Amino acid sequence: MRKIQMQNNENTDVLSFDLPDELYEKLQVEADEKGITVEDLVSHILHEAIQSGEFEKVLKQCREELNAKS
């Protein structure tokens with residue numbers, strides 16, 4: 001597992017989470033191709049998911065799964 005910690009910028013919160021090594025390595029390859037850090041790539045991915053509404057769908061699915069387990 002690798003820990004990702006997003007930078008704390010103006011009007012933002014720090015976000016930290018663990019990623020499986022395999023996923024981190026895939027992100028590292030893509031980040032290297034773009035000439036950016038993994039953290040910047042993840043930030044971009046999250047931003048795009050939020051803008052498109054996809055992030056809200058994932059959150060809703062996670063909530064439903066957690067409620068089903070309760």
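How many salt bridges does the structure hold? The structure holds four salt bridges, a salt bridge being a side-chain nitrogen of Lys or Arg within 4 Å of a carboxyl oxygen of Asp or Glu. This tour visits three of them, including the pair E30 and K34.

**Before starting**

The model is predicted: local features need pLDDT of at least 70, side-chain atom pairs count only at pLDDT 80 or more, and totals for chains, interfaces and linings use all residues. Residues are numbered from 1 along each chain as its sequence is written, and side-chain values use heavy atoms, with hydrogens and water left out.

**The whole chain**

Three helices and two strands are present, in the order β-β-α-α-α from the N terminus. Helices (H or I, at least four residues) and strands (E, at least two) are DSSP runs, numbered from the N terminus. Along the principal axes, the C-alpha atoms fill a box of roughly 40 × 30 × 20 Å. The radius of gyration of the chain is 14 Å, whereas a compact globule of 70 residues would have one near 11 Å; the radius is taken over C-alpha atoms, and the globule rule is 2.2 Å times the number of residues to the power 0.38.

Next, switch to a surface. Of the 70 residues, 14% count as buried. Buried means under 20% relative accessible area, exposed over 50%, and partly exposed in between (1.4 Å probe, protein chains only).

**Helix α1**

Select residues 21-34, which form helix α1. Show the side chains of E30 and K34, which meet in a salt bridge at 3.6 Å, N to O. Side chains of opposite charge can pair when their charged atoms come close. E30 and K34 are separated by about one helical turn because they stand four residues apart in helix α1. Both residues are partly exposed: E30 has a relative accessible area of 32% and K34 one of 48%.

Select E33 in helix α1 as well. E33 counts as exposed, at 65% relative accessibility. From E33, draw a C-alpha to C-alpha distance to E22: the two are 11 residues apart in sequence and 17 Å apart in space.

**Helix α2**

Move to residues 38-52, helix α2, and select E39. Which residues are in contact with E39, leaving aside its neighbours within four places in sequence? They are I4, Q5 and M6, where contact means heavy atoms within 4.5 Å. E39 and Q5 are 34 residues apart in sequence, yet their C-alpha atoms are 7.0 Å apart in space. E39 is partly exposed, with a relative accessible area of 23%.

**Helix α3**

Finally, select residues 54-69, helix α3. The side chains of E54 and K57 form a salt bridge at 3.7 Å, N to O. These two residues are three positions apart in the helix, which means that about one helical turn separates them. E54 is partly exposed at 40% relative accessible area, whereas K57 is exposed at 54%.

The tour ends with E56 and R63, whose side chains meet in a salt bridge at 3.7 Å, N to O. E56 is partly exposed, with a relative accessible area of 47%, and R63 is partly exposed, at 45%.
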